[in-house]
Amino acid sequence: MTDTPADRLARATPQPVARRIRGLSDRAIAWIFVAPTIFLLLSVNIFPLIWTIRLSFTNFAANKPNAEVKWVGLRNYTRILTDADTWANMQTTAHFLIWTITFQVLIGFSLAWLINRKFKGNDLVTTLIVIPMMLSPAVVGNFWTFLYQPQIGLVNYAVEFLTGIPADSFSMLGPGGWARWAIVIVDTWMWTPFVMLICLAGLRSIPDYIYEAAEVDRASKWRQFWTITLPMALPFLMLAVLFRGIENFRMFDLVVLLTGGGPGDETLLASIDLKREAFEKWRTGYSSAYAIVLFVTVFGLASIYVKALNKVKER
Amino acid sequence: MMKSLYVKGLLTAGTVACSMGFGTMMAHADEKELTLCWAAWDPANALVELSKGFEASSGIKMKFEFVPWPNFADRMLNELNSGGKLCDLMIGDSQWIGGAAENGWYVKLNEFFDKEGIKMDAFVPATVTGYSEWPKNTPNYWSLPAFGDVVGWTYRKDWFERPEIKTAFKEKFGRDLTPPATFDELKQVAEFFQGRKIDGKTVYGASIYTERGSEGITMGVMDVLYSYGFKYENPKKPYDMKGFVDSAGAVKGLEFYKSLYDCCVAPGTSNTYMGEGIDAYKSGQVAMQMNFAFTWPGFEADPNVGGGKTGYLVNPAGPGGEKFAQLGGQGISVVANTDNMDGALGYIKWFAQKDVQDKWWSMGGFSCLRAVVEDPNFTKSQPYAQTFLDSMAIVKDFWAEPSYATLLQASQKRFHDYVVAGNGTAKEALDGLIADWTETFEDEGKL
């Protein structure tokens, strides 16, 4: 007769507890274990979502508790989808997403590829590279505001030094079309290390014998990269893109600190606009509809992406 | 089994007893404590000192919740709206009064004022209208004027008096360098100082409000627009804005603000408000600065710009000679949700006293009590006292409607888009503003 951990646990269970549990089926016990989690999920995720959907069809304003709440049908959705400003904000968000992810993937993967090689001081370099992602966005926002300052900032000084363009003749966060790129640069600086770490995990998971076999077959380094390294690290890379995409879709703090959404609406991301609608203008019904539109967009894009990711993994 | 029941019973009894004791203690603490909520700025520190007098006379301990200006409205309106009990007393912004009155956040103080003999005509009229009344110009009071404030200008008097600068100015413009009396003169002076080297350092013309996130650029633009003929609505037909918001004068005023931004501010000042203005002025970066009067005591005390180096200016006049200024400041209100109504009302009664208001002014608080500001010695009490008085006589305020936050966000967007980002024309910005404001009033059922 074997003495399994389950047997030992059964023997160690006090009699009154064992008596109570004995009458329950496995399914019932499973439900007892998952019920708290399900309850928590329903109360903090599903219920608010359903409530938000309900509010999105009303004119409810949270700062007017005594006002009559009217059912407005699809009016909030129609307003959002036909509002040129909303579309402009979505374009700004798309610009931010596409370029931050592109730069972070390119730089992050390159850094991971370099760091994956064994050299002296490897650990120290890795630690130094990941420092930006350990900082709080509030610190990074203020820090870069100074760096971008035309009169005392290092960025403008560097541009003057390299190109001869006077430092105080342009402003990265002001008018002139640079503000959108300025926020992309800051986010890339902060989050490239995160992408690098995920890529590094991917690169280190590739067994050495595959490269050894390729060497035996006299495959060039270039060919090894395209046929071994990149395909095998691709699922990790795609995962990093998914994480950064979701994170940056709801980007708020860094951009508010750097530009406040300006100049004009040049860096007004959808998440900042949503916050203003909900908690500054107090248009709760309208902002609920706005949130649902954003949720559906992210959910739809993420679903398509996850399917693609699974296909890549299956290969 | 009995033993287990006995232990459980003891635990329950203990818990109940502790809760009751704690509850009693809390109730007791509530009666002996008051929390006052305000913005985190210099006057708030002065109020902490001033309130020690109230603590000594009443035995009530004062607690304070101060939030930095950029987050003040967000944080406190959330607090009021959610029915929170953080604040017993609120020194809220003047524009909140409509929403606070209509949504029942503040206690109406008429009965209390009558009972305690507090007369509203004892306060500067503009502050009563601006901080206390809702609906405006009716005797319905929701706060006691607490801190008078207005947008004005400071200038580097020491620079204006330097012979070489005076000569250079006269050579260039054919007139003496004097504190500007009109906006055109102000721009001329700003252009003169822009990029000039003073004591080996490059300085700039002026610091003006350009902040996008909260209310900055609206406060700055409005401060100019009023004197150019801007009006919020048809005086004979409320909420009728066409021809008033976008009048020819208003368009010129907005164009002027943009031209001032384009010609005469320091580089990189595309998102600046009160704090950044103070820094720019104190560090000797600018010759003139637009800012609320609350900043003035700080300049007097500053080693770089204090001690006679700073001059104070009432808002200059517009092209037609009209002169108005943007109202700032706040009234003190009792939060309807307070558990210590008597204590909160007691604080207001104490604060309204003449000797307390005298002390308030001496500590850097801008009193609104006429007995203080009309005292013959008042204008000599501080270098900026006369400017403050003159400015308070010409104030106008932004919408104080319950939907003020929505109206404000619209103006922030339109003004920043035109002035800073340089998109479109002034007329388009003001027409867009009318469209936004009309939509808001339609949603409110007022149009």
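Guide: What follows is a set of questions and answers on a predicted model.

Visitor: What makes Met274(B) in helix α12 of chain B buried?

Guide: A residue is buried if 20 or more other C-beta atoms lie within 10 Å of its own. Met274(B) is listed as buried, as are Gly277(B), Ile278(B), Ala280(B) and Tyr281(B).

Visitor: How do you know on which side of α12(B) they lie?

Guide: They cover an arc of only 165 degrees around the axis, so they sit on the same side of α12(B).

Visitor: Which elements do the buried residues of α12(B) pack against?

Guide: In chain B, they pack against α3, β4, β7, β8 and α13.

Visitor: What follows α12(B)?

Guide: Gly284(B) does, with a positive phi near 75 degrees.

Visitor: Which residues of α10(B) meet α19(B)?

Guide: Ile217(B), Thr218(B) and Val221(B) do. Their partners in α19(B) include Leu408(B), Phe415(B) and Val419(B). The residues of this contact divide into five nonpolar, four polar and no charged.

Visitor: How many residues does each chain give to the contact between chains A and B?

Guide: Chain A gives 27 and chain B gives 23. The chain A side that touches chain B has nine nonpolar, eleven polar and seven charged residues.

Visitor: Where does Gly count in such a division?

Guide: Gly counts as polar.

Methods: Residues are numbered from 1 along each chain as its sequence is written. Chains are lettered from A and ligands numbered from 1 in the order in which they are written. This is a predicted model: local features need pLDDT of at least 70, side-chain atom pairs count only at pLDDT 80 or more; totals for chains, interfaces and linings use all residues. A residue is buried if 20 or more other C-beta atoms lie within 10 Å of its own, exposed if 12 or fewer, and partly exposed in between; C-beta atoms are placed from the backbone. Helices (H or I, at least four residues) and strands (E, at least two) are DSSP runs, numbered from the N terminus. The arc is that of the directions from the helix axis to the C-beta atoms. Two residues are in contact if their C-beta atoms, placed from the backbone, lie within 7 Å.
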